[in-house]
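Take a look at it, and then we can go through it piece by piece.

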Amino acid sequence: MGLSHEEQHYFQCVAACAAGYLDRLGIAAEPQPDGRFDRKCLEDITAFIQISGAIQGGLLFAVDKRLALLLARKFILDEISDEETERYMVDVVAEIANIITGNALSDRENQDTFFGQPLMIVSDRAQVHTQSVTMQAKPFLTDKGAFVCFFIPSGQMSQLANIMAMNIAQDGEGI
Amino acid sequence: MAKILIVDDSAIMRKNIRTIIERGGHEVVAEASDGREVLTQYINYKPDLVTMDINMNSMDGIDALKVLIKTFPDAKVVMISAQGQKIQVLEAIKQGAKSYLVKPFEPDKLLEVVQKVLAKP
């Protein structure tokens, strides 16, 4: 099951906003071939945002830890220590995910799509797999590692349990 | 130097906005992380201006704005959001916000908006 035209357009906006935002912070993000998956390993820090209304599903922004640290240093206006950078990086990824998700809705005429607060997943061994639909992924590569946008469509009420399941890989094996 | 109340459920956004406001020569008198705290903080600290995020957990910024304006019709509120849809901007202005800023914004832009709103009667 693929994306509707509307969902496809929104996801393209999300990916474009993501690359645009990183560019704004002075981070070059090289787009990599996108694809459709039913199972994928996540990067170190992932924001999950539930989308509801005219577009239903879940957005994920998965960021390599090295990139998250860089994002924290660039996002926070004050000079911060290494310890503070580590402390802020998850919140920074959450806020950036929030900004990208919101910005991607800006060309919609009606206020018919809503998004929740980011749920943060911090693990270097997490995988996501969808129950009955394939998710779309748009990866980017930077000097500090990868950044991936995912969209998992949901034809019904967007409950987290219906959208995806999280599995922690044991010794690098899939579940 | 104006007294500013910052309302945002993101601690790092409050931190950044505080930095911008203080660099602009104003004083941050209080912060709130929830729309429900806005009225109490406004009464306690009597700010000259409020910056208010729209997307917050328990009570969103538009609802908090309505509550504030009902009690303090002259309150000067700048709404901040990641969404820049015209319909949302118009709703905020209709409910009494003096201005609206879309994230991400340059620090100078926030200060410019703050100055313009403070200058309004």
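This is a predicted model: local features need pLDDT of at least 70, side-chain atom pairs count only at pLDDT 80 or more; totals for chains, interfaces and linings use all residues.

**Chain A on its own**

Let's begin with chain A, which has 4 helices and 11 strands. Of its 175 residues, 50% are buried. If you take the contacts in chain A with a separation of 6 or more, 75% of them are between residues 24 or more positions apart.

One residue to look up is I121(A), which sits in strand β7 (residues 119-122) of chain A. I121(A) counts as buried because its relative accessibility is 14%, and the cut-off for buried is under 20%. Between I121(A) and F75(A) there are 46 residues along the chain, and their C-alpha atoms are 20 Å apart.

**The cores**

Which residues touch the most other members of the largest nonpolar core? They are F61(A), L71(A), F75(A), V92(A) and F147(A), in a core of 61 residues. Helix α3 (residues 82-103) of chain A supplies the largest share of this core, with 9 residues.

Setting aside residues up to four places away in sequence, F147(A) touches a list of residues that includes A18(A), L22(A), F61(A), I100(A) and F140(A).

**Where the chains meet**

Now for the contact between the chains. Chain B puts 24 residues into it, and chain A puts in 24 residues. About 2000 Å² of area is buried between chain B and chain A, and carbon and sulfur atoms give 52% of that.

How many residue pairs are in polar contact across the interface of chain B and chain A? The count is 9, with both residues at pLDDT 80 or more. On the side of chain B that touches chain A, the elements giving two or more residues are α1 (11-23) and α4 (86-94) of chain B. The one that gives the most is α1(B), with 7 residues. Sorted by class, this side of chain B has 10 nonpolar, 9 polar and 5 charged residues.

Helix α1 of chain B is also where you find R14(B). Is R14(B) buried or exposed? R14(B) is buried, at a relative accessible area of 14%. Leaving out neighbours within four places in sequence, R14(B) is in contact with I6(B), D8(B), D9(B), E31(B), A32(B) and S33(B).

**Salt bridges**

Over all chains, the structure holds 16 salt bridges, and 4 salt bridges run between chain B and chain A. Here are some of them:

| Salt bridge | N to O distance |
|---|---|
| R23(B) and D78(A) | 3.6 Å |
| D82(A) and R73(A) | 2.2 Å |
| E95(A) and K103(B) | 2.8 Å |
| K116(B) and E112(B) | 3.5 Å |

E95(A) lies in helix α3 of chain A and K103(B) in the loop between β5 (99-102) and α5 (107-119) of chain B, so this pair joins two chains. Both E95(A) and K103(B) are buried.

K116(B) and E112(B) both lie in helix α5 of chain B, 4 residues apart, or about one turn of the helix. K116(B) counts as exposed at 53% relative accessibility, while E112(B) is partly exposed at 37%. Finally, salt bridges with shared partners link E95(A), D8(B), D53(B) and K103(B) into one network.

Methods: Residues are numbered from 1 along each chain as its sequence is written. Chains are lettered from A and ligands numbered from 1 in the order in which they are written. Side-chain values use heavy atoms; hydrogens and water are left out. Contact means heavy atoms within 4.5 Å. Buried area is the accessible area (1.4 Å probe) that two parts lose on being put together, summed over both. A salt bridge is a side-chain nitrogen of Lys or Arg within 4 Å of a carboxyl oxygen of Asp or Glu. A polar contact is a pair of N or O atoms within 3.5 Å; within protein, one must be able to donate a hydrogen and the other to accept it, and residues adjacent in sequence count only if both atoms are side-chain atoms. Ala, Val, Leu, Ile, Met, Phe, Trp, Tyr, Cys and Pro count as nonpolar, Asp, Glu, Lys and Arg as charged, and the others, Gly among them, as polar. A nonpolar core is a set of buried Ala, Val, Leu, Ile, Met, Phe, Trp, Tyr and Cys residues joined through side-chain atoms within 4.5 Å. Buried means under 20% relative accessible area, exposed over 50%, partly exposed in between (1.4 Å probe, protein chains only).
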